[in-house]
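Here is a short briefing on one protein chain. Keep the structure open as you read, and find each part as it comes up.

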Amino acid sequence: MAEQEQYEELARQLSAIGAVKRDMGRILPPDCPGGSAAVLTLLGRYGEMRMSRLAELLSVDMSVTSRHVAHVADRGWIERFPDPADKRSRILRLTVAGQEQLDELSLRTSRLLADRLSDWSDHEVGLLIELMGRLRESFGDCRATPRPPHPHATDATELTTRTPA
């Protein structure tokens, strides 16, 4: 098991990921802010879905989801139609224009990563992908019941060290 100092350094490095995310946000088109990009990405990944499912995947409440959905719908990137199983619910689906926008977002992101990681080997990029996937799996679904504390921790504060980057 890793030492406390390693976990503290990991916490600092994870805090610094904010800079990476901000840089990725800067490449988004002016008419497609982060929330809209997230809606398109999730619909592209999971296919059509109810608004409630989208809110769950975004980990935001329904009012925030509704604003994001209205934004992308106004641009013709998604369509909303009644759920045949429950006429009060709406199903969201990418349009052709939405898929084109998603493809553009993917291209911009890939180019940025290729530029920033140009001095990394294919093996290093693959290892980063593998380890980040494993980290995400270790945390599971953040909306789910929290995991029990680690047996060696004396209280919850030992598990949530927030160290500035």
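Two residues are in contact when heavy atoms of theirs lie within 4.5 Å. Keep that in mind for the helix pairs below. The model is predicted. The protein chain has six helices and three strands.

**Overall layout**
- Starting at the N terminus, the elements follow the order α-α-β-α-α-β-β-α-α.
- The protein chain has 165 residues, and 22% of them are buried.
- Take the contacts with a separation of 6 or more: 52% of them join residues 24 or more positions apart.

**Helices α3 and α4**
- Helix α3 covers residues 51-58, and helix α4 covers residues 62-74.
- Which residues of the two helices meet? On the α3 side they are Met51, Ser52, Leu54, Ala55 and Leu58.
- On the α4 side they are Met62, Thr65, Ser66, His68 and Val69.
- The contact of α3 with α4 holds six nonpolar residues, four polar ones and no charged ones.
- The two axes come within 9 Å and cross at roughly 105°.
- Angles of 65 to 115 degrees count as roughly perpendicular, so α3 and α4 are roughly perpendicular to each other.

**The loop between them**
- Ser59 sits in the loop between α3 and α4.
- Ser59 is not a glycine, yet its phi is positive, at about 60°.

**Helices α2 and α4**
- The axes of α2 and α4 come within 9 Å, and they cross at roughly 80°.
- These two helices are therefore also roughly perpendicular to each other.
- From α2, the contact uses Gly35, Ser36, Val39 and Leu40.
- From α4, the contact uses His68, His71 and Val72.
- By class, the contact of α2 with α4 has three nonpolar residues, four polar residues and no charged residues.
- His68 is listed in the contact of α3 with α4, and His68 is listed in the contact of α2 with α4 too.

**A residue of α2**
- Ala38 lies in helix α2, which spans residues 34-46.
- Ala38 has a relative accessible area of 25%, so Ala38 is partly exposed.
- Ala38 and His68 are 30 residues apart along the chain, and their C-alpha atoms are separated by 8.8 Å.

**The largest nonpolar core**
- The largest nonpolar core has 20 residues.
- Which members touch the most other members? They are Leu40, Leu43, Leu54, Ile78 and Leu92.
- The elements giving two or more residues to this core are α2, α3, α4, β3 (86-94) and α5.
- Helix α2 gives the most to this core, with five residues.
- Look at Leu54 beyond its neighbours within four places in sequence: Leu54 is in contact with Val39, Leu42, Met49, Thr65, Val69 and Leu92.

**A buried glutamine**
- Gln101 lies in helix α5, residues 96-116.
- Why does Gln101 count as buried? Buried means under 20% relative accessible area, and Gln101 has 13% relative accessibility, so Gln101 counts as buried.

Terms used:
Residues are numbered from 1 along each chain as its sequence is written. This is a predicted model: local features need pLDDT of at least 70, side-chain atom pairs count only at pLDDT 80 or more; totals for chains, interfaces and linings use all residues. Side-chain values use heavy atoms; hydrogens and water are left out. Helices (H or I, at least four residues) and strands (E, at least two) are DSSP runs, numbered from the N terminus. Buried means under 20% relative accessible area, exposed over 50%, partly exposed in between (1.4 Å probe, protein chains only). Axes are lines fitted to C-alpha atoms, for helices over the stretch in contact, and angles run from 0 to 180 degrees between N-to-C directions. Angles under 35 degrees count as roughly parallel, over 145 as roughly antiparallel, 65 to 115 as roughly perpendicular and the rest as oblique. Ala, Val, Leu, Ile, Met, Phe, Trp, Tyr, Cys and Pro count as nonpolar, Asp, Glu, Lys and Arg as charged, and the others, Gly among them, as polar. A nonpolar core is a set of buried Ala, Val, Leu, Ile, Met, Phe, Trp, Tyr and Cys residues joined through side-chain atoms within 4.5 Å.
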